[in-house]
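Dear colleague,

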Amino acid sequence: MIKFYTRRTVRTIFKRQRYGNEELSPHFSNRLSREFFDVPCLQLAKSLLGQVLVRRENDFTLKGRIVETEAYIAGDDMASHSHHGKMTERTAPTFMAPGTIYVTSVYGMYHVFNISSQGDGACVLLRSLEPISGLEEMKRKRSFFGKSAKKQLKSYRLHEVCNGPSKLAIAFSIDKTFSGDDLVTSSELWIEAGPEKVNDQEIVECPRIGINFAGPVWASKPFRYYLIGNSCVSKRDKYAEEQMKAVIKDVE
C-alpha cells in the first residue's frame, strides 16, 4: 500500500531538518551549506559540477568530483517522479529542505542518487563522478556487486568506476537507507567545495538520457550538464559539444 504524505507533514519535516538538526551537523570547513542547495533546480545542477561527493564508511573515506548531472524540475516536467505535485512516500524527500537525499531504485536492483533543490518535487540526479580518493575500495565494491566469482575478476579503469548513476551509487554504497537524509547534517554522506571553480565555457548542456517516455518536448530539454573533455562522463553528446564550441568561437 502506498503511503501519501500531506504537505503539512512535509513542511514539518522541512523545519525539523533545516532548523532542529543543523546545530548537530559535523563541522567540516569545506562542507557545502544549506545556502548552496537552496537555489532553483537548473542552477543547482550546474553548480554541483566540480564539487566533491564524500562518503564516510567504516575505515574508508571515499571522494569523487562531480562531472555530470541532470535536472528534474517537477511541475510540468513529465520526466520527474514528482511531476504535477505528485507526492508519495517514495518522492517525499524531493519536497523537503534543499539538500535532502532522494534515492530511488532502477530495475529492482540498482539505485540512483538525487538531491532536492528549490521547488516542490524538484531534484538533481548525480550521473557521474571522477574518483579522487578511495579508488581501490570503489573498484572492489563495483567488482563484487551482484556478480559470480568468475566475473569478480574484472578490473575497472579509472573512468569506468563511477561513469553512470547506478555505478557511482554502487561504488559509494548508496542505497535507499539514505533517502530522506540531509547532506548538510549527515556524518556519512556530504558534499564539499571543489578545488577549482568551473566556468560556464566548460559545461555542456544537452538532453537527458533515457527519458523518451516523457514525450518529445521534455525529452529534448537540455537539462543534462557535464564537464567537457572529462573521460568519466557517462556519455558524450558530440552535437551539443560542437554547438557549444561554435558559440564560444563566435563570441571570441
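A nonpolar core is a set of buried Ala, Val, Leu, Ile, Met, Phe, Trp, Tyr and Cys residues joined through side-chain atoms within 4.5 Å, where buried means under 20% relative accessible area, exposed over 50% and partly exposed in between (1.4 Å probe, protein chains only). The model is predicted: local features need pLDDT of at least 70, side-chain atom pairs count only at pLDDT 80 or more, and totals for chains, interfaces and linings use all residues. Residues are numbered from 1 along each chain as its sequence is written, and side-chain values use heavy atoms, without hydrogens and water.

The largest nonpolar core has 58 residues, of which Phe 37, Leu 48 and Phe 113 touch the most other members. Beyond its neighbours within four places in sequence, Leu 48 has contacts (heavy atoms within 4.5 Å) that include Phe 36, Phe 37, Ile 115 and Ile 191.

Three aromatic pairs were found in the whole structure; rings of Phe, Tyr and Trp (its six-membered ring) pair if their centres lie within 6.5 Å, and planes under 30 degrees apart count as stacked, over 60 as edge-to-face and the rest as tilted. One of them is the edge-to-face pair of Phe 36 and Phe 37, at 5.3 Å centre to centre and 85 degrees between the planes. Both Phe 36 and Phe 37 are buried.

The charged end of Arg 208 sits over the ring of Tyr 72, 4.7 Å from its centre; this requires CZ of Arg, or NZ of Lys, within 6 Å of the ring centre and within 35 degrees of the ring normal.

Yours sincerely
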